[in-house]
Amino acid sequence: MTEAHAVDALISERLIPFPQPHFLSAGDLNPQTARSLLDLADVFVDFNRQSSKALDLMHGRTVVNLFFENSTRTSSSFEIAAKRLGADVVTMPVGASSVKKGETLIDTAMTLNAMKPDILVIRHGASGAPALLSQKVGCAVVNAGDGLHEHPTQALLDLLSLRRAFGDVTSLTVAICGDIAHSRVARSNVILLSMLGCRVRLIGPPTLVPGDADRWGCEVFHDMREGLKGCDVVMMLRLQLERMEGALIPSTREYFRFWGLDREKLAWAAPGAKVMHPGPMNRGVEIDSDVADDLSVSLIQDQVEMGVAARMAILASLSARLGDAA
């Protein structure tokens, strides 16, 4: 059996239709389907490391990327993922679109729907925008980040990175640190990590941890030393100054002193602890370059690579469901 045939056989073995018509929240998955997607993504990781990266799993399908917020990693990884699966990809330049002329989100949805895409990938600054769109279009909708709500595909790729680094993730203690209040990544990760048996801690200053965070099923800490004690994974979050109203921190220098990750604070975690960050990073604000760039502890570049594989798994699975529906 050739290498290409071996990959095709593995994909056929692990590809299952997506459990829901859309992927709007990490809660759309259950433990079994999450593991199945991770198994499929594992195949795509190895596939993406080959010289030839062309599949026809989504031949004849059209994927539209609709990003109302700036994005580098998420937008490009979805585009690469869809193209490697053989789909036709249209990335809508929202800045030059009719949205700038006053067209509403619903108008945009109806226009796109008339063009009969198969999958619509959307990032929007308003929480709930992908869910609203999913009620107005006849195609599958993927949430690529909505307001302060969720970023489910980021959570899946983070879990893929952890599983490849640790093997079994069910006994991991994961600390999510920093600007929890403005982070959709944190919300999706809490759901998915907890679903697969991880123990999750939230660490940050009181002004940047939601008041109801104790009801998320996590332990909440405001002191880094206490919160990091015994943690296997330290997931740092970007300080989202653009979303803050009022002075929630005294200064970025003070923030780094108390809640930025450096070698000293990392030493408070468990031996062999790994560091993650969804990007983009504010170096010297929430993480020190010495930690971020040390490949013996940092999974940050690995997360970027896993993003393409995880999103290939999601798009392929949604396409399989569309095929079943047809």
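Helices (H or I, at least four residues) and strands (E, at least two) are DSSP runs, numbered from the N terminus. The model is predicted: local features need pLDDT of at least 70, side-chain atom pairs count only at pLDDT 80 or more, and totals for chains, interfaces and linings use all residues. Residues are numbered from 1 along each chain as its sequence is written, and side-chain values use heavy atoms, without hydrogens or water.

**View 1. The lining of the largest pocket.** A pocket is an open set of points on a 1 Å grid over the protein atoms alone, where a 1.4 Å probe fits, with protein on both sides within 12 Å along at least five of seven lines; lining residues have an atom within 4 Å of a point. Here 38 residues form the lining. Arg73, Thr74, Pro278, Gly279 and Pro280 lie nearest the centre. Helix α12 gives the largest share, eight residues.

**View 2. Two domains.** The chain divides into domain 1 (3-151 + 305-325) and domain 2 (152-299), with bounds from an automatic or database domain assignment. Their centres, taken over C-alpha atoms, are 26 Å apart. Each domain gives at least three residues to the lining of the largest pocket.

**View 3. A salt bridge.** This term means a side-chain nitrogen of Lys or Arg within 4 Å of a carboxyl oxygen of Asp or Glu. The side chains of arginine 164 and aspartate 42 form one, at 2.6 Å from N to O. Between domain 1 and domain 2 the count is five.
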